[in-house]
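Please examine the sequence and the model displayed here before reading on. The paragraphs that follow proceed from the chain as a whole to particular sites.

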Amino acid sequence: MPESPKFLITKGRTADASSALQFLRPGCNIANELQEMIASSGISNSGVEPVAGATSEAGFAPDRASELKGTVEDKFDSGSFHSVSETNICSVGLADIIKGRTPDVIWHMLFCTLFLMGFQQWTGAKGIVFYSTEIIIKVLGLSPSQIRHTPNSAQWVTIGLAGTGILAVLTSMCLIDRLGRRRLLLVSTGGLAAACFAIVIGRVCHVSALAVVSMFAFKIAYGLGMAPIPWLTASEMLPYYALGTMSGIACALNWSMIFLIGLLFPVLARVLQNYLFLPFAILNLVGFTVVLLFVPETKGRHISDILFHHGRRVHIVFSPTAWMRQQRPAGYPTTTTVTSNIA
């Protein structure tokens, strides 16, 4: 397996990058994709030679390749887009990122990455993982004699919850490139909020079946989006030179939140009792709002495209008009089409 083409280009080894890319795209014309990578790195492609075996017919090209190439080259010409090679930086440290000494403005991508990695643990998922058996014993109202019998019904439900979470993550793997990361995150956080409210209702009203079913719904919603997708955000949103530093910080933040939740969850359980999942329901609604307003879609998008559109301070990415346009079925007449038909 060869080195990453992007890595080779940043090192100035464009010929090796061409060979590596052709290895990854056997029988396909790699010209457009290679030109895009070279343009986004700012390295001259004068030394790149055609690779033997490359076909003349386009067999692979990333989404919006031609459009992206033009926008990236325009930004290079205007001086508003600085590349790693131009600043002679291969990687940046935490101090450089905090002080804004990076080739690109990456504040928005940093916010999205750190928010998703930190918020993942505030969905309430780890509370269910750590204390599911204890919670289910209270929900089902098991007697001491029933608890002493192993495996008891609470333990069987816990095993079922674990299996459900695995199946949900596997399902997410099949859906993530069809529905997109952003849409799955919205489904996940919305479903988590609804499931938390349902758990509270089931416990307050002593409807054990509703509470248990809602816990399964919680695991499904979590596995579809908030479980796997936050771990993708750093590699899909951050440029190469900041990826190593910020991936480490994001992971440290995630594990710090796990530690904090592990300490707080028993205290919350004693204080809130049947209303234990109410704060998590509210937090998941907050998460839904943040994803809706700030987190961009990264499916099928090159990092240069992400930097071009979101390489600035934290900003709102949600557009009601664009969202309504995406919900229209194929062939739905636009305003221009309707006007022309009337005329």
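What share of the contacts in the protein chain with a separation of 6 or more is accounted for by residues 24 or more positions apart? Such residues account for 75% of those contacts, a contact being defined by heavy atoms within 4.5 Å. The model is predicted, so local features need pLDDT of at least 70 and side-chain atom pairs count only at pLDDT 80 or more, while totals for chains, interfaces and linings use all residues. Residues are numbered from 1 along each chain as its sequence is written, and side-chain values use heavy atoms, with hydrogens and water left out.

The protein chain comprises 18 helices and zero strands; these are DSSP runs, numbered from the N terminus, of H or I over at least four residues for helices and of E over at least two for strands. Of its 343 residues, 41% are buried. Buried denotes a relative accessible area under 20%, exposed over 50%, and partly exposed in between, for a 1.4 Å probe and protein chains only.

Gln120 lies in the loop between helix H7 (107–119) and helix H8 (125–140). Gln120 counts as buried because its relative accessibility is 2%. Its side chain forms a polar contact of 2.8 Å with the side chain of Gln121 and reaches the backbone oxygen of Met226 at 2.8 Å. A polar contact is a pair of N or O atoms within 3.5 Å; within protein, one must be able to donate a hydrogen and the other to accept it, and residues adjacent in sequence count only if both atoms are side-chain atoms. Leaving aside residues up to four places away in sequence, Gln120 touches Tyr222, Met226, Ala227, Pro230, Trp231 and Asn254.

The structure holds zero disulfides, a disulfide being a pair of cysteine sulfur atoms within 2.5 Å. In general, a disulfide is a covalent bond between the sulfur atoms of two cysteines. Cys205 is partly exposed because its relative accessible area is 48%. Cys251 likewise counts as partly exposed, at 29% relative accessibility.
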